[in-house]
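The sequence and the structure are shown first.

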Amino acid sequence: MVPGDSIIEATIGPAQHGLRLDRALADLLPDLSRERLKALIGEGQVHAAPAGKISGSMKVSEGQRFTITLPPPVPLDTVAQDIPLTIVHEDADLLVVDKPAGLVVHPAAGNLDGTLVNALLHHCAGQLSGIGGVARPGIVHRIDKDTSGLLVVAKTDRAHEGLARQFKDHSIQRAYAAITYGVPIPPVGTVDSWIGRSDADRKKMAVHREGRGKHAVTHYRTLDRLRGAALVECRLETGRTHQVRVHMAHIGHPLIGDPVYGRERKGFKSILETLGFRRQALHARMLGFIHPVKDEPLMFESALPADMQELLSALHV
């Protein structure tokens with residue numbers, strides 16, 4: 001152990017008995033991803049008590065104890081940038097941002113700056129959580145680049161850990177507004193499936209048989225019938241990559257403008273070109289959670305952005 005390291009202890013419970021070590025620890029430590037735990041195991045940062053041989057694939061038993069050494073976060077080589085943000089709530093522990101479509105959340109290949117993280121570094125002057133092995137400033141969850149709407153950001157590690165637990169146990173309330181091709185039948189329903197990487201295209205997600213990928217549940221209801229389309233509310237019980245986009249396409253009603261999961265349908269091309277609408281019609285309109293430090297309920301709503309309002313008007317019967 002070196003200065004700056006922190007130690008976490010974990011005891012295997014009945015729910016983790018018989019699981020692989022990396023999966024069991026991921027269950028017990030929701031603020032650490034399974035990939036992060038695999039890396040820590042490989043680096044020799046996870047130890048059994050009493051001492052014993054460790055591997056990520058080893059099966060664990062109820063009552064086994066482990067200690068995990070967490071090195072301090074590696075500084076993220078990301079610059080602060082003065083990018084305008086719409087902040088709908090901010091306190092000492094967290095903030096809620098209304099993200100515009102087109103803004104990438106986190107720097108990655110091809111988007112090394114001009115992201116939400118760059119903007120947060122400037123806005124918060126470095127006062128953001130650093131959980132995750134590298135300093136991933138405050139990012140607890142993400143929404144796609146071309147999806148607009150509400151996103152919660154942690155400013156402290158305590159807030160990050162508390163929010164991560166709520167996301168893991170699916171107690172976060174999230175509702176999206178989507179404009180779909182066609183009107184879903186029935187108008188109210190639930191899509192319950194497993195989502196994982198597509199076999200045909202690894203950049204896409206797809207619905208798979210039970211047990212393959214991650215369990216995903218979306219509750220939808222039709223809010224407004226449009227001309228060849230519908231305004232649909234999708235409430236997430238889980239939060240998988242591209243979940244709403246994949247689930248609505250799976251039931252035959254992909255999102256208008258979605259370049260990955262939907263094909264442009266006859267009669268819509270001229271409308272989309274006239275409006276200059278070039279993204280999936282999806283907006284994270286509602287976000288609710290328990291404040292991870294103050295233990296009080298918070299609920300936020302965001303109105304449809306102008307481009308989706310214009311699309312709705314153009315499609316009204």
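Strand β10 is joined to strand β11 (residues 229–236) by seven bridges, and the two run antiparallel. Two strands are taken as paired if DSSP finds at least two bridges between them. Helices (H or I, at least four residues) and strands (E, at least two) are DSSP runs, numbered from the N terminus. The bridge partner of D224 in β11 is L231. Three residues lie between the strands in the hairpin of β10 and β11, and G228 there takes a positive phi near 70°.

Strand β10 (residues 214–225) also pairs with strand β8 (residues 188–197), in the antiparallel sense and over eight bridges. Within this pairing, V188 stands opposite R221 in β10.

## Basis of the model

The model is predicted: local features need pLDDT of at least 70 and side-chain atom pairs count only at pLDDT 80 or more, while totals for chains, interfaces and linings use all residues. Residues are numbered from 1 along each chain as its sequence is written, and side-chain values use heavy atoms, with hydrogens and water left out.

## Cysteines and burial

The structure holds zero disulfides, a disulfide being a pair of cysteine sulfur atoms within 2.5 Å. Burial is given by relative accessible area: buried means under 20%, exposed over 50%, and partly exposed in between (1.4 Å probe, protein chains only). C124 has a relative accessibility of 7% and so counts as buried. C234 is buried as well, with a relative accessible area of 0%.

## Salt bridges

A salt bridge is a side-chain nitrogen of Lys or Arg within 4 Å of a carboxyl oxygen of Asp or Glu. By this rule there are eleven salt bridges. One of them joins R20 to D22, with the closest N and O atoms 2.8 Å apart. R20 is partly exposed at 31% relative accessibility, whereas D22 is buried at 0%.

R212 and D199 form another salt bridge, at 2.4 Å from N to O. Because R212 lies in the loop between β9 (205–208) and β10 and D199 in the loop between β8 and β9, the pair ties together parts that are 13 residues apart in sequence. D199 counts as exposed, at 56% relative accessibility, and R212 as partly exposed, at 26%.

## The E233 and R285 pair

The side chains of E233 and R285 meet in a salt bridge of 2.5 Å, N to O. E233 lies in strand β11 and R285 in strand β12 (residues 282–290), so this pair ties together parts that are 52 residues apart in sequence. Both residues, E233 and R285, are buried. A network of salt bridges links R221, E233, R235, R285 and E301; R221 is also the residue in β10 that V188 stands opposite.

## Loop residue P186

P186 is placed in the loop between β7 (173–181) and β8. Its relative accessibility is 45%, so P186 counts as partly exposed. Between P186 and Y220 there are 34 residues of sequence separation and 9.9 Å in space, C-alpha to C-alpha.

## Packing of helix α1

In helix α1 (residues 21–28), the residues L21, D22, A24, L25 and A26 are buried. D22 is also the salt-bridge partner of R20. The buried residues of α1 pack against β1 (6–11), α2 (34–42), β2 (46–49), β3 (65–70) and α4 (157–168), where contact means heavy atoms within 4.5 Å.
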